[in-house]
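Hello,

Here is the structure you will be working with. My notes on it follow below.

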Amino acid sequence: MFLYFDNAATTPVRPEAAQAALEAMTRGWGNPSSVYSFGAQAAAQVKQWRANVAGALGCLPEELSFTSCGTESDNWAIQAALELNRRKGRHIVTTAIEHAAVLEPCRALERQGYEVTYLQPDRQGHISLSALEAALRPDTVLVSMMLVNNELGSVLPVAQAAQAIRRSGCPALLHCDAVQGFLKLPFTPGALGVDLLSISGHKIHAPKGVGALYIRKGLKLPPLIRGGGQEGGLRSGTEATAQLAAFAAAARLGAESLNAGLAHMAALRREAARLLPERVPGLKILSPEDGAPHILAVTMPGYKSEVVVRFLSDRGIFLSSGSACHRGRPSHVFAALKLPKAELDGALRISFSYDTPSDSLPELAQALSAAHDALFPSLS
Ligand code: PLP
């Protein structure tokens with residue numbers, strides 16, 4: 001048995017999603033492009049799965065294109081927005097705390113001559129609207145702002161950003177990486193006012209290898225992959241029906257029990273924020289109080305977080321020393337907070353899900369307190 005507190009890295013596939021994938025592979029395994037009835041049935045299924053995910057996200061099915069992951073959705077959105085606005089300018093605004101799936105494409109674009117403004121966070125990972133307003137220019141063609149930061153859980157002002165872009169009159173399209181926001185906050189792309197929005201299956205209890213890009217109705221994106229014309233001609237390639245079936249099941253069930261899931265995660269986060277500083281000497285909370293319900297970043301100043309993570313792992317408790325996507329490198333998110341070095345080194349991310357056991361926190365507190373006692377002498 002183990003205790004899993006790393007749901008921002010990935011989540012276990014829920015049984016209903018695994019079952020849906022199995023059925024797609026063993027019963028309805030036709031090619032959705034085949035004209036005979038077995039293929040037509042598969043095409044009908046894909047239509048249903050798209051409607052399920054769109055329903056959970058709160059958009060029209062035709063506004064949703066399936067992809068292979070959140071990273072692909074982010075890369076596609078950025079490339080496509082720049083292509084659409086190629087005659088209007090070469091300035092991009094994003095934040096210093098985006099996921100690498102946004103930051104790396106931006107860095108590559110800088111090498112191609114684009115200018116990128118990286119908005120800096122405050123000590124708790126908030127991004128200020130006035131900084132965004134000041135950054136917008138007549139040649140700003142893309143704003144990419146995540147909804148929930150994956151390491152801190154801070155919620156970024158995406159809806160306000162949409163209004164600011166409109167007020168400014170600049171031609172920027174607004175992309176939102178909502179990989180950590182989908183089914184963790186109640187929102188719809190329409191209410192946010194975004195043009196493009198990325199989500200990923202494996203953060204919501206679907207398997208790895210599936211994601212989606214919301215493309216606002218009326219926005220005509222250039223194709224990402226040319227070929228047989230699947231996904232409305234935008235992303236060719238035979239549909240990954242097993243992944244889509246599972247994504248649809250996970251999204252539908254997650255949306256149906258959204259309020260209960262959010263309340264459960266919020267209660268765990270509140271309790272962790274109370275219990276851990278009480279039980280673990282020196283432990284400090286890094287996440288903002290108004291953050292998303294599933295992520296709590298803390299620090300044990302003076303400790304090396306990787307050593308603490310290994311100590312807990314040996315005891316069957318899994319959490320992260322930062323984003324799993326940055327293995328071995330100091331987190332750019334915690335670095336952007338400009339924390340003192342001891343706090344930066346000791347940063348840990350605890351992340352919850354609807355299936356995190358309610359009674360699991362005392363064991364976590366006990367293990368962190370044991371890490372405090374066992375590890376400090378070797379570091380002092
Ligand atoms: N964006 C954010 C905020 C994430 O947390 C992640 C994954 O950690 C991604 C994008 C990448 O998603 P995927 O793993 O589906 O490529």
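An oxygen atom of the ligand sits 2.8 Å from an N or O atom in the side chain of His202, which counts as a polar contact (a pair of N or O atoms within 3.5 Å). Two further side chains reach the ligand: a polar atom of Asp177 is 2.6 Å from a ligand nitrogen, and a polar atom of Gln180 is 2.8 Å from a ligand oxygen. On its own the ligand exposes 390 Å², and the protein buries 92% of that (accessible areas by the Shrake-Rupley method, 1.4 Å probe).

This is a predicted model, in which local features need pLDDT of at least 70 and side-chain atom pairs pLDDT 80 or more, while totals for chains, interfaces and linings use all residues. Residues are numbered from 1 along each chain as its sequence is written, and side-chain values use heavy atoms, without hydrogens or water.

There are 14 residues around the ligand (a heavy atom within 4 Å). Gly70, Thr71, Asp177, Ser200 and Lys203 come nearest. Helix α3 (residues 70-84) gives the largest share of this shell, three residues; helices are DSSP runs of H or I with at least four residues, strands are runs of E with at least two, and both are numbered from the N terminus.

Now the sheet. Seven strands form an open sheet in the order β2-β8-β7-β6-β5-β3-β4, with mixed pairing; two strands pair if DSSP finds at least two bridges between them. Strands β5 (residues 140-144) and β6 (residues 173-177) are parallel, with three bridges, and Leu142 has Leu173 in β6 as its bridge partner.

Regards

Key:
Polar contact = N/O pair within 3.5 Å; in protein donor to acceptor, adjacent residues only side chain to side chain.
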